[in-house]
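Hello,

Here is the structure I said I would hand over. Please look through it first, then read the notes below.

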Amino acid sequence: MPWLNVLGIAAIVFAATAIVVKNLPEDRSNQILNVSYDPTRELYAAIDHAFTAQYGNRLAVKQSHGGSGRQARSVVDGSQRADVVSLALISDIDTLAKRLLLPTDWRQRLPNNSVPYTSTIVFLVRKGNPKGIRDWPDLVNRDVAIVSPNPRTSGNGQLSVLAAWGSVTTRGGSPEQASSYVRALLQHVAVADAGARGAGVSFAVQRVGDVQLTWENEALREVAANKDELEIVYPPVSILAEPAVAWVDANLTDPNVATYAKDYLRYLFTDAAQEVIAQYGYRPFRPEVAARHADRLPPLALFPVSAVARDWTDAREKFFGDNGILDNLTAPPVAAAPAT
């Protein structure tokens, strides 16, 4: 079933759970809210515990999780008053900058252009890989059903489209061939949940589909939670994902909260936090930390976003903007005019 046909069902199922925020007390002077993307719950629970311990646990860090695009929109419309954001795509934070919630040069305020870790899109398959899925072309074999989040709401979903496109063009294929391939891939998507975690439930718990296109860290988590049932396939080519972080200047009106928010994000780049990041299946930017976890996070040759667009902002407009590539690939065919 094409993903557009199941969007309504997915939205109903996860509408109440996609964004999780604890009730906030009136006094927010000793707490910060981190609005993050879908699969980072466990990572930031560990990071938050370590960070707040430095303050004798007098500081509370609240978390919110959901599809990255939808999370960004919730900060823009004010329904979530984020102090910091940790989103799947640089372009999601650029959306906040365009609305003047933070400066356009926000990436220069933290190390590594505000990217504390990287990741990629991998294939998660049933144990023994019964469909023999090894590379991107295998995903469009006739009997393969795919689980992948909806690119309208999910950073995982957008990265899957970009990775699929680049799997053609970075190996000598033309844009026309990439377009044909991605159209076929989308037609094989059986379930397109609103975010990565929902897709994981569909694949691992409800046992829908033959392969899940997902974050590497999410694949590692699902394999650990479903021993002897799932395995990871690393395709020969995939995209370098660069989740980014920023504090939201427009919401930091309390000087104490502003200090906490900035210190919290700076903490992500420390050796201690980088070690936690690696333990939870994300690729730390510090090479010495990454080297200690090479057995679990093997070195990969990943193509940057510049292989498919000028930058992340251009990729969003080119692929996911109005009348962009995704719109054109999913538009219903135009019926031929009747002969006169």
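**What was found**

Ala 294 sits in the loop between helix 12 (287-292) and helix 13 (312-320). Helices here are DSSP runs of H or I with at least four residues, strands are runs of E with at least two, and both are numbered from the N terminus. This is a predicted model, in which local features need pLDDT of at least 70 and side-chain atom pairs count only at pLDDT 80 or more, while totals for chains, interfaces and linings use all residues. Residues are numbered from 1 along each chain as its sequence is written, and side-chain values use heavy atoms, with hydrogens and water left out.

Ala 294 counts as partly exposed because its relative accessibility is 32%. Buried means under 20% relative accessible area, exposed over 50%, and partly exposed in between (1.4 Å probe, protein chains only). The C-alpha atoms of Ala 294 and Arg 283 are separated by 9.6 Å, and the two residues are eleven apart along the chain.

For the chain as a whole, there are 14 helices and eleven strands. Of its 340 residues, 56% count as buried.

Ser 91 belongs to helix 4 (residues 90-98). With a relative accessible area of 4%, Ser 91 is buried. Leaving out residues up to four places away in sequence, Ser 91 touches Trp 312, Thr 313 and Arg 316 (contact means heavy atoms within 4.5 Å). The side chains of Ser 91 and Arg 316 are also joined by a polar contact of 3.3 Å. A polar contact is a pair of N or O atoms within 3.5 Å; within protein, one must be able to donate a hydrogen and the other to accept it, and residues adjacent in sequence count only if both atoms are side-chain atoms.

Which residues of helix 10 are buried? They are Val 257, Ala 258, Tyr 260, Ala 261, Tyr 264, Leu 265 and Tyr 267. What covers the buried residues of helix 10 includes strand 1 (31-37), helix 2 (41-53) and helix 11 (271-279). At the start of helix 10, a side-chain oxygen of Asp 254 comes to within 2.8 Å of the backbone nitrogen of Asn 256.

The axes of helix 2 and helix 10 come within 11 Å and cross at roughly 115° (axes are lines fitted to C-alpha atoms, for helices over the stretch in contact, and angles run from 0 to 180 degrees between N-to-C directions). Tyr 44, Ile 47, Asp 48, Ala 50 and Phe 51 of helix 2 make the contact with Tyr 260, Asp 263, Tyr 264 and Tyr 267 of helix 10.

Regards
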